[in-house]
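Please look over the sequence and the model below before reading on. The paragraphs after it are meant to be read with the structure open beside them.

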Amino acid sequence: MSAPTTQVRPTLPVFDAGLRQERTRRRRKAYDRPGFLSYGLLLAAFVGSSFPLWWSFVIGSRQASDTNLVPPAIIPGPNFFTNAVRVFETVDFAKALTNSLIISAAITVSVVFFSTLAGYAFAKLRFKGRNILLLAVIATMAIPTQLGIIPLFMIMAEFKWTGTLGAVIIPGLVTAFGVFFMRQYLVDVIPDELIEAARMDGASMWGTFWHVALPAARPAMAVLGLFTFMAAWTDFLWPLLVLGPRNPSVQTALAALNASGGHAPDHSLVLTGALLSVIPLLILFIITGRQLIAGIMQGAVKG
Amino acid sequence: MSTTTRARTQSSDLSTRQKLARLDFKAAPYLYVSPFFILFAIIGLFPIAYTMTVSLHDWHLLKGQGDFVGFDNYASVLADPFFWNAFGNTISIFLLSAVPQVIVATIIAAVLDQAIKASTFWRMSVLLPYIVAPVAVAVIFTQVFSQYHGPIAGFFDIIGVDPIRWDFDPIPSHIAIASMVNWRWTGYNALILLAAMQAVPRDVYESAAIDGAGRLRRFWSITIPMIRPTLIFVIITSTIGGLQIFAEPKLFDTRTNGGSNRQFQTIVLYLYELAFPRRDFGRAAATAWILFVIIILAGLINFAISKAIRTADVRPSRKATLAIAQSQGAKR
């Protein structure tokens, strides 16, 4: 997880990456110095990435009619807090935040745990049928599970789970991608000798997993956890189907807020709500941005 | 003789603890992989398979299972002009998003693949949109692409262009929705492509530079061929994602399911409308399977095209899974 390239050999990854970067930097200077154009393009990308959020903040901190200003407003106003309070009054945003936190945390813990367990078995244990089962995991990665939403909805309705958080959590408990991802990581990271040594010392299979595999898997577990959490937090279609308006997730609450104005939506209110829905992940992003980038660059997530 | 006897005695004399250890050794792997397979069978495979059963029946959301009708649901969906309208819209939005997205992502990746100062800052800034959920993106962009107010309308007003009816005319609405997808995913894909670019040995660039190859020449003749498997991976994943977009068109006009004239109704939105407002689960399930087939076909077409235009200097990869595996960091 530490090295930002895909070709790095697994031995001493941190050291190796540092060395490589140092070497590359010195070497590149000769022919590859980025110019004005490069920084200009990056600046444009930065503005493009942040403008929609900035503009939401501008309108969210003003009054709705300010969207009509010519030229358009680009400086924030004083009303952000007032508008935020109105968001919490219009929809049950506090409940939505709590619900999304519970849903995302439960799904993350489950996916990370079961993926590590199965990924470890596929990477390091020998058993009959291993290759075929691993192929099955890879094949299921390509299936968009969304396509099963109709029977899944019927199941939830049958068991009277619609409207409960369980209806959102259960379909997210495992992913084929997680298993494959952990397997790819653990295959490199744990030397077979280490597992054999633990076995020689009389450790049980579970003990070996718990004391040898789990500590080694931690960096990959963190990255898988981050992406799983984000995917659960941003999911919309399934929560929309099974969670009613009285028990919303952040996304369904925001959609309800967006629809609340009918033909004359209150833009300031809606954009403040959009920003509030982004803030939790924004904080996570600021803290863990480096790991996210490393994770994507290692191919942590399929698009 | 004596040795065999001793061995046999020993093996039958294995202590309970040793037997348990052996059982542990044999059974543990299956125990570790079984939670995944059991849960996946319940929440993944069964629903998809059962979708087939539902699709072969008259099936109403409230009344439940009706008569077996064979492939009638498929026939009626495929004969429905609204389905083909949704199909066309999906393809149009997909093309408007995938093509610019891949091009811009490749350019950003190439810029980042230099000795850039503050590289973490730039990388984080291009990734920022990825953390904004599709619902929030749709809400924000609906305001940005407003006909009479918002920054785009304001800009058009200043330069004296007539306002565009973003939520009414088909192509402008497709552009608005594609912009939402592009905004969220371009930086993400740029980072995947950047990873592939960084795996290209620097010596190759160096010797090309010494031989007098300019920056553009190096990009076309070295970078692009070398990152081709990752490029294919990015295109395939954005195809799979692009064919399934829902939140963006759903929220672009909250009062309808894809516009007053269905001018931006996508296939998943069509499926949603059949299943919930219209409560026709049979046809919705048929639509799900049709979409599944479309996704697989799109993947195969992508793969065939990329195979056809592959240049001689790139080693052919054996399977689509390999291309995915490589981009997932399996390359060792």
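This is a predicted model: local features need pLDDT of at least 70, side-chain atom pairs count only at pLDDT 80 or more; totals for chains, interfaces and linings use all residues.

Residues are numbered from 1 along each chain as its sequence is written, and chains are lettered from A and ligands numbered from 1 in the order in which they are written.

Chain A has 13 helices and 0 strands, and its pattern along the sequence is accordingly written as α-α-α-α-α-α-α-α-α-α-α-α-α. Chain B, by contrast, has 15 helices and 2 strands; here helices (H or I, at least four residues) and strands (E, at least two) are DSSP runs, numbered from the N terminus. Of the 303 residues of chain A, 45% are buried, and of the 332 residues of chain B, 44% are buried. A residue is called buried if 20 or more other C-beta atoms lie within 10 Å of its own, exposed if 12 or fewer do, and partly exposed in between, with C-beta atoms placed from the backbone. Contacts, in turn, are pairs of residues whose C-beta atoms, placed from the backbone, lie within 7 Å. Among contacts between residues at least 6 apart in sequence, 73% in chain A join residues at least 24 apart, and the corresponding share in chain B is 68%.

How do the two chains meet? On the side of chain A, 86 residues are in contact with 85 residues of chain B. Helix H13 of chain A, residues 267–297, gives the most to the side of chain A that touches chain B, namely 15 residues. That side is made of 53 nonpolar, 25 polar and 8 charged residues, where Ala, Val, Leu, Ile, Met, Phe, Trp, Tyr, Cys and Pro count as nonpolar, Asp, Glu, Lys and Arg as charged, and the others, Gly among them, as polar.

The largest nonpolar core has 165 residues, and those with the most contacts inside it are B:Val135, B:Ala136, B:Leu191, B:Leu193 and B:Leu271. Helix H8 of chain B, residues 170–198, supplies the largest share of this core, 16 residues. Such a core is a set of buried Ala, Val, Leu, Ile, Met, Phe, Trp, Tyr and Cys residues joined through C-beta atoms within 7 Å. Residues up to four places away in sequence aside, B:Ala136 touches A:Leu254, A:Ala274, A:Ser277 and A:Val278.

Helix H6 of chain A, residues 149–158, is mostly covered, with 7 of its 10 residues buried. These are A:Ile149, A:Ile150, A:Pro151, A:Leu152, A:Phe153, A:Ile155 and A:Met156. The buried residues of H6(A) pack against helix H7 (166–169) and helix H11 (237–242) of chain A, and also against helix H2 (16–55), H13 and helix H14 (281–308) of chain B. After H6(A) comes A:Lys160, whose phi is positive, near 60°.

Within chain B, the axes of helix H4 (residues 81–112) and helix H13 (residues 267–275) come within 8 Å and cross at roughly 145°. These axes are lines fitted to C-alpha atoms, for helices over the stretch in contact, and angles run from 0 to 180 degrees between N-to-C directions. B:Phe82, B:Phe83, B:Ala86, B:Phe87 and B:Thr90 in H4(B) meet B:Ile267, B:Leu269 and B:Tyr270 in H13(B), a contact with 7 nonpolar, 1 polar and no charged residues. B:Leu274 also lies in helix H13 of chain B. Why does B:Leu274 count as buried? B:Leu274 is buried because 26 other C-beta atoms are within 10 Å. Its contacts, leaving aside neighbours within four places in sequence, are with B:Asp280, B:Arg283, B:Ala284 and B:Thr287.

The strands of chain B, E1 (residues 57–60) and E2, run antiparallel and are joined by 3 bridges; two strands pair if DSSP finds at least two bridges between them. E1(B) and E2(B) form a hairpin with 3 residues between them, and B:His57 stands opposite B:Phe68 in E2(B). Strand E2 of chain B, residues 64–68, is hardly covered, the count of buried residues among its 5 residues being 0.

Finally, the mean pLDDT of chain A is 84, and 87% of its residues reach 70 or more, pLDDT being the predictor's confidence in each residue, from 0 to 100.

Terms used. Two residues are in contact if their C-beta atoms, placed from the backbone, lie within 7 Å.
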